[in-house]
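Here is a friendly note to read with the model open beside you. Please follow the points in order and keep the viewer at hand.

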Amino acid sequence: MNPYIIGPYKEEDASIFKGCTDEINGMYRSFMQNAYLVCYTNSGEGKSSILNAGLFPKLRKNRYFPISVRFNFNDDTVIGMRFDDIINKSIEDALGNISVAHSYSP
């Protein structure tokens with residue numbers, strides 16, 4: 001397997017995503033205290049990678065269902081939408097796309 005990823009890491013890359021342990025643990029603790037987590041920085045700084053290959057696998061391991069909400073204000077479909085409507089649509093989309101790999105059993 002090529003250890004060099006072009007573009008952001010995905011959840012399936014968690015086993016090769018190294019470093020950022022302190023950051024991931026801090027994000028996890030923050031989420032446990034607040035139920036929401038906003039990750040914001042410049043493009044290309046690693047937000048998607050740390051969430052996808054770091055925090056999301058940790059949350060899933062602890063039986064949470066993380067949902068990533070991305071705001072693209074160049075997308076005409078979100079113009080004029082309320083914040084909570086964007087969030088609800090993201091949740092509906094995520095639930096509609098549940099795959100076997102991410103399904104949970106009681």
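The numbered points below go from the overall fold to single residues.

1. A word on the basis first. This is a predicted model, in which local features need pLDDT of at least 70 and side-chain atom pairs count only at pLDDT 80 or more, while totals for chains, interfaces and linings use all residues. Residues are numbered from 1 along each chain as its sequence is written, and side-chain values use heavy atoms, with hydrogens and water left out.

2. The protein has three helices and zero strands, and its elements run α-α-α from the N terminus on. Helices (H or I, at least four residues) and strands (E, at least two) are DSSP runs, numbered from the N terminus. Of the 106 residues, 21% are buried; here buried means under 20% relative accessible area, exposed over 50%, and partly exposed in between (1.4 Å probe, protein chains only). Among contacts (heavy atoms within 4.5 Å) between residues at least 6 apart in sequence, 60% join residues at least 24 apart.

3. Next, the core. The largest nonpolar core has twelve residues: Y9, F17, I24, M27, Y28, F31, I50, L51, A53, L55, F56 and L59. Helices α1 and α2 each supply at least two residues of this core, and the largest share, six residues, comes from α2. A nonpolar core is taken as a set of buried Ala, Val, Leu, Ile, Met, Phe, Trp, Tyr and Cys residues joined through side-chain atoms within 4.5 Å. In soluble globular proteins, nonpolar side chains tend to be buried together.

4. Helix α3 deserves a look down its axis. It covers residues 83-96, 14 residues in all, and reaches 20 Å from its first C-alpha to its last, close to the 20 Å expected at 1.5 Å a residue; the expected span is 1.5 Å times one less than the number of residues. I86, I87 and S90 are buried in α3. Seen down the axis, the buried residues of α3 fall within an arc of 100 degrees, so they line one face of the helix; the arc is that of the directions from the helix axis to the C-beta atoms. The face of α3 turned away from this buried side carries the exposed residues E92 and G96.

5. What does S90 touch, not counting residues up to four places away in sequence? The partners are I67 and V69. S90 is buried, with a relative accessible area of 16%. S90 and S68 lie 22 residues apart in sequence and 7.7 Å apart in space, C-alpha to C-alpha. S68 sits in the loop between α2 (47-61) and α3 and counts as partly exposed at 42% relative accessibility. S68 and N52 are 16 residues apart in sequence and 8.9 Å apart, C-alpha to C-alpha.

6. On to charges. The count comes to four salt bridges, each defined as a side-chain nitrogen of Lys or Arg within 4 Å of a carboxyl oxygen of Asp or Glu. In one of them, the side chains of R60 and E11 meet at 2.7 Å, N to O. This pair links distant parts of the chain, with R60 in helix α2 and E11 in the segment before α1, 49 residues apart. R60 is buried at 16% relative accessibility, and E11 is buried at 18%.

7. K89 and D93 meet in a salt bridge of 2.9 Å, N to O; being four residues apart in helix α3, they are separated by about one helical turn. R82 and D85 meet at 3.9 Å, N to O, and R82, D84 and D85 are linked in a network of salt bridges. R82 counts as exposed at 52%, whereas D85 is partly exposed at 33%.

8. Please check D13, in the segment before α1 (21-34). D13 is buried yet has no salt bridge, and the nearest side chain of opposite charge, K10, is 5.3 Å away. For charge, Lys and Arg count as positive and Asp and Glu as negative; His and the chain ends are not counted. D13 touches I5 and A53, not counting residues up to four places away in sequence.

9. Finally, two backbone angles. Most residues other than glycine have a negative phi. C20, in the segment before α1, has a positive phi near 65 degrees. R63, in the loop between α2 and α3, also has a positive phi, about 65 degrees, although it is not a glycine. C20 is partly exposed at 32% relative accessibility, and R63 is exposed at 53%.
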